[in-house]
Structures are given as C-alpha cells and as structure tokens.
Amino acid sequence: MMSNYDVFISYSRLDDEAQFVTDVKAALEHAGLTGWMDTVAMRTSQEWWTQICTNIERSDNFLLIISENSLASEWCQKEIAHALGYGKRIVPFQIEQLDDRRVKGSWVDQPWEQIARANWKPLTEIQWIKQYIETGNLDATLARIIDDAQTDLDHIKAHTQLLLQAQAWQAMGRSPGALISGDALAAAESWLAQWDTLPSDERKQPNPTDAQRAFLTECRKAEDEATRLKVEQETRTCALEAQARRAAAENARLEQRTHRFRVTAIIAALVGALAVVSTGVAFQQGNEARDAEATANSALMAVTPTLNAIATQVQAGEARIRSLDWASEAVGLVNDPIGNPELATLLSIVALRTTYTEQADFALVRAASVLHTRGLLHGHTGEVQTATYSPDGRFIVTASDDGTARIWDADSGTELRILRGHEGWVRSATYSPDGHYIVTTGYDGTARIWDAETATELRIFRGHDGIVNNADFSPDGHLIVTAGRDGTARIWNAENEDEILVLAGHEEYVESAAFSPDGRFVVTAGSDGTARIWNAENGDEILVLAGHEEYVESAAFSPDGRFVVTASGDSTARIWDSQTGIEIRTLRGHTFAINSAAFSSDGRFVVTASFDRTARIWDVDTGNEVRILRGHDDTVFGATFSPDGRFIVTASWDGTARIWDAYTDNVRRDLHDHEDGIMGADYNPDGHLIVTAGRDGTGRIWNAETGDEVLILRGHETTLSSAAFSPDGRFVVTASYDRTARIWDANTGDEVRILEGHVYSAAYSPDGRLVVTSDDDGTARIWDADTGSERVVLEVPAGGIGSAVFSPDGRFVITASYDRTARIWDVATGNEVRVLSGHEDGVRDADFSPDGRFVVTASGDHTARIWDVTTGNELHVLSGHEGPINSAAFSPDGRFVVTASEDGTTRIWDANTGSESRIWGGHDGVATSAVFSPDGRFVITTNWNGGAYVWDATVDDSIAHACTQLYRDFTDYERTRYGISMGPTCPQFAEETGDS
C-alpha cells in the first residue's frame, strides 16, 4: 500500500484569491512532490469532509499555510486536528505577521473553539518557516519547504504506510484478514523499535500513533498465535503419529502371538494324529490358541477406533492448515494493488472446499467483490494491442501482433470475423462513427479501411516512413488521421486515400492522433514528452501540452472537446484545458508506465491502461481513483469505454481482451445511495423489493434484482431506526428518532399515516391490520394500521424496548428490552405471558421462528440465544461475536439464524444445534442489521457507514456465484506453486478439459 501524496496543503481560500497557494502547489509539483489541496467551492457535506480526511491520512506531510485567515478558519482547524490525531508531520509555512490576541479572539464562542485551543500548543512547539515574511524570497522559502518535506523520507513513508494499514484493519472490523505478517510485520516492528530506542532528541518526526501501535500489537499477537498453533499442530501431529506407530506395533505383536499359537495348534494336531497319548496336550494348546486369537481380535477392535480418530484429527488439522495458507495467499493478492483477484478467488474456493474457515470465507468475499470481468475474448495468437467498441456497442474490434484484427460480438464474446491483410503486426483498429467501417494500422507502414460487415479490405493508405501507430476517423467519417513513427501525423481523405495534411513538429515518434468531437482539431501524443493540438484544416500547431517527465503514449479529447487526457511513461495521466493548455489534474496511482487514456461518453470518467497489468477508472472532477480492474496476466495496452459507459474493454499482451463492468460492484447487490449509515432493511413478501432505513432521514425502496433505487420516502425529520413492508407488500412502515412511525404507500411513496410518540422499531402483524412499535420509554404500543388509533400499551418495568415483533399467528408480541430480558405478550389482552431471562446485557432485538415455537434474541453481551416459547427455556447460546449483537433473525424455513454485530461481521448459525456455520466479514464498520430474503437464498445486511449488501446465504451459493465471474482456472504453474491437486475449480472449467 503506497501513500497517494507527498504533501497535503491546508489553507484558507481567502489567502488564495491571487492564486498564491495554487502557485505554491505548482512549485512543489515541479520539484517532484505530489500535492493535494481542496480546490472546489467550500462544502460541508459528509462526503466532502471524508475526502479531506482521507487525503490527509494518505499524505506524507501536512503543509499548513499559516495566516490569520487560516487560523481563524473552522475547517483549517479541523484539518490541523485531524493531522495531529494521525501523527502527521506538520510543515508550518507562515505567510504574514500574526497578532496572537486577534487570532485567539476569533475563536471565542465558536463551536470549534476547543479544537483550535487544543491545536495551538502542539502548533507552537513546531518551528514555523518564517523565511518568506522575513526576506520576501518565495523561491528560497519553497526550497526550504521542499527540503523539509523530503527529510527522513523513508521514515515518513513507513509511517504513512503503517497508518493506512492500521486504518484498513479498523475499516474491516478489525478482521484478521487485514493484519500484516511475515516480512512486512518484521519491517514495521523494526521501524517502531528503532524509533523507540532513540533518545527523545534524536527521534524522527512524525511520532508513531497509538493506532499504529495497537495495530502492530494485534499483528504480533496473530503472528505468534499462528506460530503457536502451527507448532502445536506439528507437535500434536508428531504425537499422534507416534501413538499410531505404537498402536501398529502392538497390533503387529498381537498378530505375531496369534500366529504362534496357531502354529502350535497345528503342530499339536499333527502330533495327535501320530500319538494318541498326546491328544490331551494338543487339545489344551488348541484352546489356548483360540483364546489368544480372540484376545488379539478384541485388542485390535479396541485400538481401531483410536487409530481412526487419530487419523481423522491429523487429516482435519492438515486440511485446516492448507485452507488457512491458501486464504492468506488470497487476501495478500487482494490487498496487492496489482494482485490478481481471479487467482485470489480460485485460492479462496479451494480453501473453502478443503475445510471451512472464517479466513477462507473472508478471502472469498474480498476477492469476489473485486472481480469485475464480464467477458473474455480469446482467439488471438499474439499480444493484443487495442480493443474498441462499435458506436452502437454491439461489437468490439481488436488488433494484435498476430497480424490480424478481429471483430467480436460484445454480448457473447463470440469471434465473428477476421481482418487479414497487414504484413506483420496490427498496431490499432477502430470503428468509423457510423459503424460501417474499420480503420487499422500496422507495422508495415500502412493504414487500411475495411468493410465492418464483410471484413473486406477497401483502401490502403501509404505515406508514412515506418510503423503507423494508430488512426482515428473524423466525426463525419470523411477523414482519417494517422500517427507515425516517422515523427508525423497525417490527415487523409477516407474515401480516396489522398493525403491532405502532414502535421510535423514532434521531435520523435508520434504515438497517437485523434480528432476533436467537432472535427476542427487534432491532438497528438509524442515520445518527446509532449502532446500537441493542431488545426485540422490548415495543419497549424496551436498548443503544446508539456509537463510529463517521460514519453506521452496517447492523447484524446473529452466528449465536449473542453479537455484533453494524456497517458505517459512517467506513470501518470494528466487532464488539460484544451483551450489554454493548462494542466488541470494529474491522475496518480499506476506503478508503471501508462499506455492509453480515454474519456467515458459523458466525460465524467477516464480509463487508463498500464504496464502494471491493470486498468483504472478515475473521476475527472476530483482526480480520485474509482476502480482498479485487475485480471490480465501481462501489460494492459489499451482500454476504452462502451458507448453507454457501462462497460470497458481492455487489450492485453497476455493475448486476450477483457470486458469489464465499469461501475457495479460484484456483490449480489450493493445499495449505497443513502448519505449516511443504514439502520435496517426488509424484503417485500415476494422478494423483489428491499426497503432500507437510513440515518439520513429517508427510507428507500430498491429493486432487489438490479439494485436500482425505486422510491425515496421523505418526511421524517431525522434518523430512521427501522423499516418494514406490510404482509401484502402494499405499504411500508418506518420508525424514526423524530418519535414518529409513518406508513407509506409502497407503490407511490406517498405518506399515508403518522403514528405519534414512538421511536425504535415498527412492524406489521401477519394480517396487516396492526402495527407494533417500541420506544426507550419502556413501552411497546399496538396500533390500528388503518386508522392510526392506539389499541394496546405493553409496559416493561424497567428499561427501554429495542424492538417488538408479532408472532407468525399474530397472537403474541415479543419485545427486546434493555433490562436484559425479552418478554412475550398476549396481543388481545396486553398481558405478559413469559419473561426470557439469561442475557448479561440489554437485549437489542428478538424474532420468532416461522412456526412460532422458538425465539432468538440478540444482546449487548455479545451473544444471541434461542429459547423455547412454550417453556421459556434457553436452548442454545450463540457465542462467537466479539462485539454487541444488534439484530438476530430466523431464516424462512427456521433452520438458521442470522446475526449482525458491532464487530463488523454477520454470522449464520444452525438453529437446531447452535453451531456457527458461516461468518461474513464484508462490512465497512458496524453491522446494524441482517435479514434473510423470503426464499432464504440471500441475506441483506446493513452497516453504520452507509452500505447495504445482498449476499448469498450459503457458502456453496457464494462459490457458485463467484464461479460465474471467473474466466480461467489455475495454470499448471499456479497448481505447482500453491500445491493444488484437486480437479477443475468451477464447472465450466471441467467442460473445457472434458473432466466430469
């Protein structure tokens, strides 16, 4: 994991009116330092502040522009506090004289006054850079800042890396899968130990944080525990093997003794045949032999179960070790920015099929979530150089060094036609705007136009002295522009092969050329490190885009023509203003040279392809990396969006092109439009819709199959704590901290009725005629759903009620109370029927089994419990969560229970035995609720950080779903490396090999 920025710049916008701070940032970047500063209009949304915090955490240095404006700014003070809290090295750059009294006076009576006062002492203990206000020499001051930022670089980058690793561990609910081990752990511990052992005046800044220390402590505990378990397992295995050897030796001794008695008996019988006088002796020896044989057989029968048990334990231990090893390898691949998620998924599947472990399940969830491939085009026998969609998105054309271009069906991946004619490698291929033609370029120095429908070669363009790197049609299709290694780009008449213009100006190769959307301009990319914009009518050079530190491999206009994106060998892509040539944004994240960059059709995103074997999607407005597309086994040389922006096609030197989902996460569904955390969710009766309750004050109805948002329920004044469908699916009832429950029309989103006075939960009766609500005032109330009138009040002696639901027959209600009990009530009379006592902390949730015979409760004591409704007896304690449990619910068939916990996991349990059958660790923070779909196949979970996820209820279904996203099995090399001996990993691979 690498930090994104060398410097985060904190400043007041009032100090940048003349672009002073922007110029400082430019100077830093000119010196080779990556910088980040908030350049958009001030916003105070959670999303904006999260972005600020994230970029502070991911920066090695915190450059504070000190002025009265910045020290009097609420947001600058909050940024300072965040940087101090994460132990960031602060570089204070004072740009004006200060009046301390006036500065401190600006804090008085502000909501953030205490933050500013707390910041002041640590700020004044840092040496401020005052050179600028003392000498007025900005260049010398910036040199000092640059020198400070680069001092102790290894220490700072180690600090940032460890900080991000610790954060990732926290964000994953302190999951074991996010801990570091081996060499990475040893290096981090060495870094910390070196800092701790130095005298205080020699210690480098920034200081290690408590979060980093806690993270390393847990990593060491996990590593030591893994080592202990391994040694223990090896010792136990040796002991079991020794016991097995002793048992085998004893078995052999008994067999030998039995054999001896049998021989004696035979000899005695022979002697008896010769001498009648010896008959008595022989008879006696025969009895002894039979007795010995019986004794031996009894001993053998007694030792056999022990031997079998030993063998079973040894096998189980070995299987668990193999599963954990493969799971660890899988998580490592997922965490590696250029790791292959397909291989990680394959390893996770093999691990789970060997034996179930929490780590293997976690690995599968993590790996499958970053599988974005939706199709694989394989048929070329050489490296694939480019891949582009037809204008209608139905087809894809690829170019390869096998001397061909190929046309594919974009939906099925079927190869349709092959374009043969170039002598040598085909360097590029792209469609005309109307989709009727394709232009290709090659190492044979030509460009060629083909009929896309018949694959017939129509025209050949000769004129370049050497390889032609690419070609592009003008928007009207009448012209093409070509880029050549002879240092020129050329514009041609597409209909008669006439050369119209030569664009000469690059000092070396022209790597790419493309028309602007209006056809008036051409942008070229050169190996001289520049991109250039030309007048397509007269060939005049208009702008030179200079700033890359290496060759520029590609350049393309945005759909509106306002911007140009360039891809370079310096591992960056850059976005430029096409009118002024000013660099607007730098896209950093690739670890090797970038080969291509292209805009989406709406101009909101850019996709890049790199030698680091990944393609990446970027947000144009922010420059943030949106998604990494990993799966190719070699350089990704080209990447473009589909016309509708939903997909991306990449071309790779591994000989394939891949189709990727550009935006949808690869979980069954990922519902993320709430602006804050989600407190609960429920399916409608047929399972086609989902309703969620958000901390943003809205309820939202979603299509369960597509994840699309259908309706927003607006009206509550604050957080919704629960949401549930009526039994017929026509209505939704929500409960909110505004002390109301509200009934909504599920088809229109109209508010139908308000139930005043309650807050925590609301649920319908099985016939839909009643609603029960719960509150922290210690009551549950039953309401008439049609009129909104209050029917019955159920009162707990002490403590608020976290939830209340009806029994399946509607005769009873169970309440979950903070007095550590759950209580069953008679709906008709309001009388308390039974009290379920046993939890050691408040009960937060309760649910009836589908047949009404059992109840499951969820508690802050980290357990869920299953009870017999008739007797009130506790049947099972579900132990395993490491934090309070917020919800518990039965599956529709009553065989399982699902629980959601503040430890960040959701767990599924066998309701008959109380044993844990699955742990799902895909949450980003606290899991607030979990419920099965009506058919029991899926579980929807919600969390405090705003996510709702639909996932497979069983491991087998998760494996099957993951297999649908895999397009290759283990290679022979991978099978050898990881010790994989089982057959095809997924059914489709068995079909490919002919195995069954």
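Let's start with helices α4 and α6. In this predicted model, the axes of α4, residues 74-85, and α6, residues 113-124, come within 9 Å and cross at roughly 55 degrees. Helices here are DSSP runs of H or I with at least four residues, strands are E runs of at least two, and both are numbered from the N terminus. The axes are lines fitted to C-alpha atoms over the stretch in contact, with angles from 0 to 180 degrees between N-to-C directions. That angle makes α4 oblique to α6; under 35 degrees would be roughly parallel, over 145 roughly antiparallel, 65 to 115 roughly perpendicular, and the rest is oblique.

Which residues make the contact? From α4 we have Q77, K78, I80, A81 and L84, and from α6 I115, A116, N119, P122 and L123. Contact means heavy atoms within 4.5 Å.

Now, over to T572, which sits in strand β24, residues 572-577. Is T572 buried or exposed? T572 is buried, at 3% relative accessible area (buried is under 20%, exposed over 50%, partly exposed in between, with a 1.4 Å probe and protein chains only). Its side chain makes polar contacts with the side chains of D570, at 2.7 Å, and R574, at 3.1 Å. A polar contact is an N or O pair within 3.5 Å; within protein, one atom must be able to donate a hydrogen and the other to accept it, and sequence-adjacent residues count only if both atoms are side-chain atoms. Leaving out residues up to four places away in sequence, T572 touches H548, T566, A567, T586, L587, R588 and I594.

Some housekeeping: residues are numbered from 1 along each chain as its sequence is written, and side-chain values use heavy atoms, without hydrogens or water. Local features need pLDDT of at least 70 and side-chain atom pairs count only at pLDDT 80 or more, while totals for chains, interfaces and linings use all residues.
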